[in-house]
Amino acid sequence: MDLRALPKAELHLHIEGTFEPEAIFAMAERNGVTLKYPNVEALRHAYAFTDPQSFLDCRYDCMRVLQKEEDFYELTAAYLLRAHGQNVRHAEIFFDPQAHTQRGVSFHVVVDGIRAAMREAERERGITSHLILCFLRDRPVQSARTTLEEALAYGEGIVGVGLDSAERGNPPSKFSGVFDQARAEGFLAVAHAGEEGPPAYIWEALDLLKVRRIDHGVACMQDGALVQRLVRQQTPLTVCPLSNLRLRVVDTLADHPLKAMLEAGLCATVNSDDPAYFGGYVTENYDAVTRALLLDGDAVITLAKNSFQASFLDDATKRRHLLDIEQWAALNVPKRTPSA
Ligand code: ADE
Ligand code: ZN
């Protein structure tokens, strides 16, 4: 199956995580920034992460080269061009404003650059996208509050709030007040939970942050009552297989719980998280899990359908994309003949 052509939505994608080493070095030179690494090869070498924290440290260092509106535009335009090439029809894009504002880049510079590329990609290529602001959970709550105020002052253009960065020791409960305020202002809520953190963090994200989706969420498989609840509510989980492998959440992809999650009736989706750092964009994630877990055509179709069902698109648009998947399936997935 050529999964590149499968119509899909991407719901767990950090725009700063699409920064390819070559682009990092080109921008560093343009902006006069000295990186910790002497060249592209050395930087790629540093991508042998031992855990989520070692990845985050590297990623935050690379981000220093993003300084001007055109830098954020370029980063986002490059991602959307690649995504379009993989038949991503719709992307819900995370960004980390605090990682930029804390080093003196204004909120407006970041969001204006990203949104200019989003508008252009929709106009020129028909790929739609939404923007979701993530609070850094390893920063003080007050910093998240200030960031929410900046988003409110910015106005239209950001559909939701999320929660990312180092999970352990930073439970969702720390941010329940900020999320209350964000939801009251009309933002849709999502949160990273159950990547390296325990199932208890997923419960908190549901009960305290009242999220519409859980990002990662693979730890739910350790808690039967939690799985039952997620299945009953059909709360989507934005799973990122290659990220889980590279950050050592699983030892091998054959150990990944995605197949078991689908079999349990969970609304799981496949996403790339930080593709430039983890060795693959969304199609490579579909390909890798399909091979490692021997997923059949029906499972792949379910994943693609889930990606639109779980999106923040309106129902009529979802239906249109679901029909396109049916058409793709009719041409590409062999019909199962009932066994005698
Ligand atoms: N920010 C970007 N990628 C992340 C991940 N995998 N976990 C937590 N925060 C992140
Ligand atoms: Zn993530």
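Q: Let's start with F55 and Y277: buried or exposed?

A: F55 is buried, and Y277 is buried too. Buried here is under 20% relative accessible area, exposed is over 50%, and partly exposed is in between (1.4 Å probe, protein chains only).

Q: Before we go on, what are the ground rules?

A: This is a predicted model, where local features need pLDDT of at least 70 and side-chain atom pairs count only at pLDDT 80 or more, while totals for chains, interfaces and linings use all residues. Residues are numbered from 1 along each chain as its sequence is written, chains are lettered from A and ligands numbered from 1 in the order in which they are written, and side-chain values use heavy atoms, with hydrogens and water left out.

Q: OK, how many aromatic pairs are there?

A: The count comes to 9. Rings of Phe, Tyr and Trp (its six-membered ring) pair if their centres lie within 6.5 Å; planes under 30 degrees apart are stacked, over 60 edge-to-face, and the rest tilted.

Q: And how are the rings of Y47 and F49 arranged?

A: Their centres are 5.7 Å apart and their planes at 25°, so that pair is stacked. F55 and Y277 make an edge-to-face pair, with 5.5 Å centre to centre and 75° between the planes.

Q: Which residues form the aromatic cluster?

A: Y47, F49, F55, Y277 and F278 form one cluster.

Q: Switching to the metal: what are the protein donors of the zinc ion (ligand 2)?

A: H12 (NE2), H14 (NE2), H192 (NE2) and D273 (OD), at 2.1 to 2.2 Å from the zinc ion. Donors are N, O and S atoms within 2.8 Å of the metal (3.2 Å for Na, K and Ca); water is not among the atoms, so sites may look incomplete.

Q: What's their spacing along the chain?

A: The zinc donors follow H-x1-H-x177-H-x80-D. Of these, H12 and D273 are both buried.

Q: Last one, S307. What does its side chain reach?

A: The S307 side chain reaches the backbone nitrogen of A9 at 3.0 Å. That's a polar contact: a pair of N or O atoms within 3.5 Å, where within protein one must be able to donate a hydrogen and the other to accept it, and residues adjacent in sequence count only if both atoms are side-chain atoms.

Q: Is S307 buried or exposed?

A: Buried, with a relative accessible area of 0%.
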